[in-house]
Amino acid sequence: MRFDLPEGNWRKSSYSGAQSGDCLEVQVTEDNRVAARDSKEPGLGAFTFPQGQWLAFMAGVKCGQFD
């Protein structure tokens, strides 16, 4: 878990509405890892992943591998 990431660099999906609190936020870290956290509980920290693993996960999500 990482707790030392800058606050201003988090992004949410464009599918997340302004009213929705159930969102995953991500940012690319200084060491080129992808950090992911729960937008409802940002103080709990973030998991980080190598970019290749994150891209493989996102490809699986997009093709319905986890449906």
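**Stop one: a threonine in a loop**

Start by selecting Thr 29 and showing what surrounds it. Setting aside neighbours within four places in sequence, Thr 29 is in contact with Arg 2, Leu 5, Ala 35 and Thr 48. Keep in mind as you click around that this is a predicted model.

Where does Thr 29 lie? Is Thr 29 buried or exposed? Its relative accessibility is 5%, so Thr 29 counts as buried, the cut-off for that being under 20%.

The side chains of Thr 29 and Asp 31 make a polar contact, at 2.3 Å.

**Stop two: along the loop**

Next, select Asn 32, which is also found in the loop between strand 2 and strand 3. Check its backbone: phi of Asn 32 is near 60°, a positive value in a residue that is not glycine. For background, most residues other than glycine have a negative phi.

**Stop three: the largest pocket**

Switch to a surface view and look for the largest pocket, whose volume is about 380 Å³. To find it, select Ser 13, Leu 24, Val 26, Trp 54 and Met 58: of the 13 residues lining this pocket, these are the closest to its centre.

Now colour by element. Strand 1 (11-12), strand 2 and helix 1 (51-62) each give two or more residues to the lining. Which element gives the most to the lining? That's helix 1, with six residues. Colour by residue class instead, and the lining of the largest pocket comes out as nine nonpolar, two polar and two charged residues.

**Last stop: zoom out**

Go back to a cartoon of the whole protein chain. Along its principal axes, the C-alpha trace spans about 30 × 30 × 15 Å.

How much of the chain is buried? Of the 67 residues in the protein chain, buried ones make up 24%. The chain exposes about 5,000 Å², with carbon and sulfur atoms supplying 53% of that.

Among contacts with a separation of 6 or more, 28% are between residues 24 or more positions apart.

Definitions and conventions. Residues are numbered from 1 along each chain as its sequence is written. This is a predicted model: local features need pLDDT of at least 70, side-chain atom pairs count only at pLDDT 80 or more; totals for chains, interfaces and linings use all residues. Side-chain values use heavy atoms; hydrogens and water are left out. Buried means under 20% relative accessible area, exposed over 50%, partly exposed in between (1.4 Å probe, protein chains only). A polar contact is a pair of N or O atoms within 3.5 Å; within protein, one must be able to donate a hydrogen and the other to accept it, and residues adjacent in sequence count only if both atoms are side-chain atoms. Contact means heavy atoms within 4.5 Å. On a 1 Å grid over the protein atoms alone, a cavity is a set of points where a 1.4 Å probe fits but cannot get out, and a pocket is an open set with protein on both sides within 12 Å along at least five of seven lines; lining residues have an atom within 4 Å of a point. Grid points are joined across faces, edges and corners, and a volume is the space filled by probe spheres set on the points. Helices (H or I, at least four residues) and strands (E, at least two) are DSSP runs, numbered from the N terminus. Ala, Val, Leu, Ile, Met, Phe, Trp, Tyr, Cys and Pro count as nonpolar, Asp, Glu, Lys and Arg as charged, and the others, Gly among them, as polar. Accessible areas come from the Shrake-Rupley method with a 1.4 Å probe; for residues, only the protein chains shown count as cover.
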